[in-house]
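Let's take a friendly walk through this structure, one part at a time. Keep the viewer open as you read.

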Amino acid sequence: MEHYNMNLTLKVWRQKNTDAQGKFETYPVSGISSEMSFLEMFDVLNEKLINEGKEPIAFDHDCREGICGACSMHINGRAHGPWAATTTCQLHMRAFKDGDTVTVEPWRAASFPVVKDLTVDRGAFDRIIEAGGYVSVNTGNAQDANSILVPKDQSDEAFAAAACIGCGACVAACKNSSAMLFVSAKVSQLALLPQGQPERKSRALNMIAQMDKEMFGSCTNTGACEAECPKEISLTNIARLNREFISAGFTYEK
Amino acid sequence: MKWSQFFNTSIGKKLLVGATGLFLCSFIIVHLAGNFQLLYNDGGKAFNAYAAFMGHNEIIQLIAWGLKIAILLHAFIALQLTFRNRAARPVKYAVNPGNQTSSWFSRQMAIMGSILLIFIVIHLADFWWKFHFGEIPTQNYGGEEPLKDLYTVVQVAFKELWIVVLYVIGMIALSFHLIHGFKSAFQTFGLNHVKYNGLISFVGIWLFGILIPVGFAIIPVVIYFK
C-alpha cells in the first residue's frame with residue numbers, strides 16, 4: 001500500500017479523574033504517516049502537548065503488539081477503531097484519510113470507571129476471575145503428554161476461548177455494557193478441558209454472581225461484542241456459558 | 001445456589017423472559033388460526049361458535065390466564081433488565097456504531113416490546129373485556145342458546161380507520177420484536193448449534209417475524225376495505 005501523510009482533527013475525551021466532569025477537547029495533528037499505529041499518533045500529539053507545557057493525554061498501553069489488551073479506546077464509535085479483529089495498537093493510520101475528524105472516547109461503562117482521560121479501571125474483570133476463573137490444583141511437574149486425553153476439536157475450541165485478552169471491548173461495544181463474552185470465554189476455556197471439571201459448576205455460578213455484582217448489564221444477544229472482539233471470541237461461548245450456568249443452577253447441591 | 005437466587009441472577013431472569021416469550025410465540029399461532037374465521041362470509045357462525053368455545057372451555061381458560069401471567073412476567077422482568085442495562089452505561093458515547101456491529105432489530109427489543117404491551121392492553125380492552133364483561137349483541141344460529149356476536153363487534157371496530165392503523169402498528173412492532181426475539185431466546189437457553197442455527201433463524205425471521213404478523217395485520221385491513 002502506498003505511503004501517505006495526513007492531517008487530522010482529533011476530538012479526545014479529557015477527564016481529570018474519576019469524579020471530575022469530562023469533556024471533549026479538539027486537537028489538530030499534522031504530518032501523520034499512514035504507517036504509524038494509532039497509539040504512535042497519540043505519542044506524537046502528547047509530545048507536542050508536553051512541549052507546549054500542556055497536560056498530555058492519559059491512555060493505557062503496554063505490549064503494543066495486540067496481546068495485552070490495555071489499549072482501550074473507542075474510536076469513531078467503534079471499540080479499537082474501524083478494523084475487525086484488531087486492538088488499538090494494531091490499528092494503523094492508513095485506516096484514515098487526510099482531513100478526517102476522529103473522535104476518541106474511553107470505554108463507557110459503570111463497571112469500568114474512568115481513571116483519567118482515556119484510561120479506565122478494568123478491575124471488575126479481575127474480580128470476576130478471582131470468583132472462579134482458575135483451576136485449584138497443585139501444579140508440580142508437567143505430566144507426560146497424552147496422559148490426559150483431550151479430543152483435538154475440544155482443545156481447539158478451548159484454545160480459541162483462551163485467546164481472550166480481557167481488553168473489555170465486548171463491554172464497550174455492548175449497548176448494555178454486558179460482560180458475557182468475557183465471562184463466557186473464561187468459563188469455556190476451562191469447561192472444555194478435563195482440568196476444569198472438578199470446579200465446573202461452582203465456577204459458572206460464582207463467576208456469574210460476581211459479574212452481576214459488578215453491575216455489568218445483561219446480554220440481549222445483539223452480537224456487537226463478537227463483531228468488536230480483537231480475538232474473535234465467538235458467541236457460541238455465550239451459549240456454552242448459559243448451558244453451564246443452567247446445568248449448574250439445576251444440579252449443584254450447594 | 002437456591003432457586004430464588006438462581007432466578008434473580010441476570011441469566012436466570014433472561015431464562016424467564018425467554019421461556020415466557022416462546023410460550024407466547026406458541027399462542028399466537030393458535031390465535032391467528034382462530035382469527036382467520038373473521039374473514040368468512042358466514043355472518044359470524046364459525047367465529048362466534050369458536051369464541052364461545054374458547055371463552056368457556058375450562059382448560060382453554062386456564063391456559064388463557066397462564067398467558068396473561070406470562071405477558072405480565074415477560075414485560076416486568078424484561079423492563080427490569082432494560083433499566084438495569086441502561087444504568088450500566090451512565091455516560092453515553094458521543095459516536096455510536098449504528099448497524100455496523102449489530103442488527104437494528106436486536107437493539108429495539110425494549111421499544112418494540114413496550115409498544116406491544118400497550119397494544120395488548122388496548123386489544124384486550126377492545127374485545128376480551130367486552131366479550132366477558134361488557135354488553136354485546138347475541139345471534140342465534142339455530143343452536144340451543146344464542147351466541148355472543150363478537151364477529152359483528154370486530155367487523156364494526158375495523159371499519160374505523162384509526163383502529164385499523166393501530167392494529168397494523170401493533171403488528172409491525174410484533175414483527176420487529178420477533179425477528180430478533182425468537183432466535184435470541186434459543187441462544188439464552190444455550191441452544192446454539194451449527195446444525196440448527198439456520199433453521200431457528202429462518203423460523204424466527206420468516207414465520208414469527210414476517211408471516212404471522214402479516215397474517216394478523218391482513219384481517220383488519222381486509223375488513224376495512226370489505
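Predicted model: local features only at pLDDT ≥ 70, side-chain atom pairs only at ≥ 80, totals over all residues.

## A helix on the inside

Helix H5 of chain A covers residues 180-191, which makes 12 residues. From its first C-alpha to its last, H5(A) reaches 15 Å, close to the 16 Å expected at 1.5 Å a residue.

Why can H5(A) be called largely enclosed by the rest of the structure? The reason is that 12 of its 12 residues are buried.

In chain A, 5 strands form an open sheet with mixed pairing, in the order E2-E1-E5-E3-E4. Strand E2 (23-33) and strand E4 (78-79) of chain A stand at the edges with a single partner strand each, so one side of each has no neighbour in the sheet.

Strand E3 (residues 74-75) of chain A runs antiparallel to E4(A), and 2 bridges join them. Here Ile75(A) stands opposite Arg78(A) in E4(A). Elsewhere, helix H1 (residues 38-51) of chain A lies across strand E1 (5-14) and E2 of chain A, and runs at about 105° to E2(A).

Where does Asn17(A) lie? You will find Asn17(A) in the loop between E1 and E2 of chain A. Asn17(A) is exposed, with 11 other C-beta atoms within 10 Å; a residue counts as exposed at 12 or fewer. Between Asn17(A) and Ser218(A) there are 27 Å in space, C-alpha to C-alpha, and the two are 201 residues apart in sequence.

## Two domains in chain A

To their contact, domain 1 of chain A brings 18 residues and domain 2 of chain A brings 17 residues. On the domain 1 side of chain A, the residues that touch domain 2 of chain A comprise 8 nonpolar, 8 polar and 2 charged.

## Where chain A meets chain B

How many residues does each chain give to the contact? Chain A gives 40 residues and chain B gives 34 residues. Strand E5 (101-105), helix H6 (200-213), helix H7 (224-228) and helix H8 (236-251) of chain A each supply at least two residues of the side that touches chain B. Of these, H8(A) gives the most, with 9 residues. By class, the side of chain A that touches chain B holds 16 nonpolar, 16 polar and 8 charged residues.

## Chain B in outline

Chain B has 9 helices and 2 strands, and along the sequence they follow the pattern α-α-α-α-α-α-β-β-α-α-α. The C-alpha atoms of chain B fill a box of roughly 65 × 40 × 40 Å, taken along the principal axes.

Chain B has 226 residues, and 30% of them count as buried. Among contacts in chain B between residues at least 6 apart in sequence, 74% join residues at least 24 apart.

Methods
Residues numbered from 1 in each chain as written. Chains lettered and ligands numbered in written order. Contact = placed C-beta atoms within 7 Å. Nonpolar A, V, L, I, M, F, W, Y, C, P; charged D, E, K, R; others polar. Helix = DSSP H or I, 4+ residues; strand = E, 2+ residues; numbered from the N terminus. Expected span 1.5 Å × (residues − 1). Buried ≥ 20, exposed ≤ 12 C-beta atoms within 10 Å, placed from the backbone. Pairing = 2+ DSSP bridges. Axes fitted to C-alpha atoms, helices over the stretch in contact; angles between N-to-C directions.
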